[in-house]
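Reader: I've got a new model on my screen and I'd like to talk it through. Can we go over it question by question?

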Amino acid sequence: MARPVAGDIVLVDCRGGQLPAEPGGVRPAVVVEAAGLLADEYPNLLVVPLTRDPRYAAMSSLVEPIEPNAENGCPAPCWAVCHHVTSVSRRRVQPTNSRVTAQQVASIRARLSLALGYGRPGTSL
């Protein structure tokens with residue numbers, strides 16, 4: 001399988017071993033890694049999971065709303081949960097023909113930066 005690129009929506013098999021409040025099951029996720037960041041043969045992929053749980057809408061600074069359309073293939077409104085960014089084995093990933101827009105990828109990355117503390121006054125390592 002060719003390495004998925006930023007904005008691709010993939011299905012990730014998160015079954016087994018998750019604790020409460022961690023993503024579980026087979027779920028969609030948005031690829032967020034930068035092109036060329038990792039070699040094509042690198043076995044993992046950086047993704048942000050999607051959820052349809054409306055409770056996440058209240059976390060507006062950390063989630064990107066995704067409205068359903070033909071390009072993203074989402075059946076209902078959902079949210080990219082940026083503070084749940086993770087690295088997954090590509091063996092757990094199934095590609096789809098769906099993707100989010102370049103503007104949404106940029107917004108997801110900005111929310112990732114916020115979740116990691118970049119650009120926030122008083123935040124240091």
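Reader: Let's start with the layout. In what order do the elements of the chain run from the N terminus on?

Author: Keep in mind that the model is predicted. The secondary structure comes to one helix and seven strands. Read from the N terminus on, the order is β-β-β-β-β-β-β-α.

Reader: What share of the contacts between residues at least 6 apart in sequence join residues at least 24 apart?

Author: For background, the chain has 125 residues, and 36% of them count as buried. As for contacts between residues at least 6 apart, the share that join residues at least 24 apart is 62%.

Reader: Now the inside. Which element gives the most to the largest nonpolar core?

Author: That core has 14 residues, and Val-30, Leu-50 and Ile-108 touch the most other members. Two or more residues come from each of β3 (44-51), β5 (78-81) and α1 (102-115). The top contributor, with three residues, is α1.

Reader: I'm looking at Ile-108. Leaving aside neighbours within four places in sequence, which residues is Ile-108 in contact with?

Author: Ile-108 is one of the core members that touch the most others. With its neighbours within four places set aside, the contacts of Ile-108 are Val-30, Val-32, Val-48, Glu-64, Ala-80 and Cys-82.

Reader: And how many residues are in the other core that lies apart from it?

Author: Val-10, Val-12, Val-31 and Leu-45 are among the members of this other core. Its residue count is nine.

Reader: How many residues apart are Arg-111 and Glu-64?

Author: These two form a salt bridge, with their closest N and O atoms 2.8 Å apart. Both Arg-111 and Glu-64 are buried. Arg-111 belongs to helix α1 and Glu-64 to strand β4, so to speak distant parts of the chain, and the separation is 47 residues.

Reader: Is Arg-55 buried or exposed?

Author: Arg-55 has a salt bridge with Asp-53, at 2.5 Å from N to O. The relative accessibility of Arg-55 is 65%, and the cut-off to pass is over 50%. Arg-55 therefore counts as exposed.

Reader: What about the second largest pocket: which class has seven residues in its lining?

Author: About 190 Å³ of space lies in this pocket. Its lining has 14 residues, with Pro-28, Leu-50, Gly-73, Cys-74 and Pro-75 nearest the centre, and β1 (8-13), β2 (26-31), β3 and β7 (93-99) each supply at least two. Five lining residues are polar and two are charged, while the class with seven is nonpolar.

Reader: Last one: is Met-59 buried, exposed or partly exposed?

Author: Met-59 is found in the loop between β3 and β4 (63-66), and its C-alpha is separated by 9.9 Å from that of Trp-79, 20 residues away along the chain. Its relative accessibility is 32%, and values between 20% and 50% fall in the middle class. Met-59 therefore counts as partly exposed.

Methods. Residues numbered from 1 in each chain as written. Predicted model: local features only at pLDDT ≥ 70, side-chain atom pairs only at ≥ 80, totals over all residues. Heavy atoms only, no water. Core = buried A, V, L, I, M, F, W, Y, C linked by side-chain atoms within 4.5 Å. Buried < 20%, exposed > 50% of the residue type's maximum accessible area, 1.4 Å probe, protein only. Helix = DSSP H or I, 4+ residues; strand = E, 2+ residues; numbered from the N terminus. Contact = heavy atoms within 4.5 Å. 1 Å grid on protein atoms, 1.4 Å probe; cavity = no way out; pocket = protein on both sides within 12 Å on 5 of 7 lines; lining within 4 Å. Points joined across faces, edges and corners; volume = space filled by probe spheres on them. Nonpolar A, V, L, I, M, F, W, Y, C, P; charged D, E, K, R; others polar. Salt bridge = Lys/Arg side-chain N within 4 Å of Asp/Glu carboxyl O.
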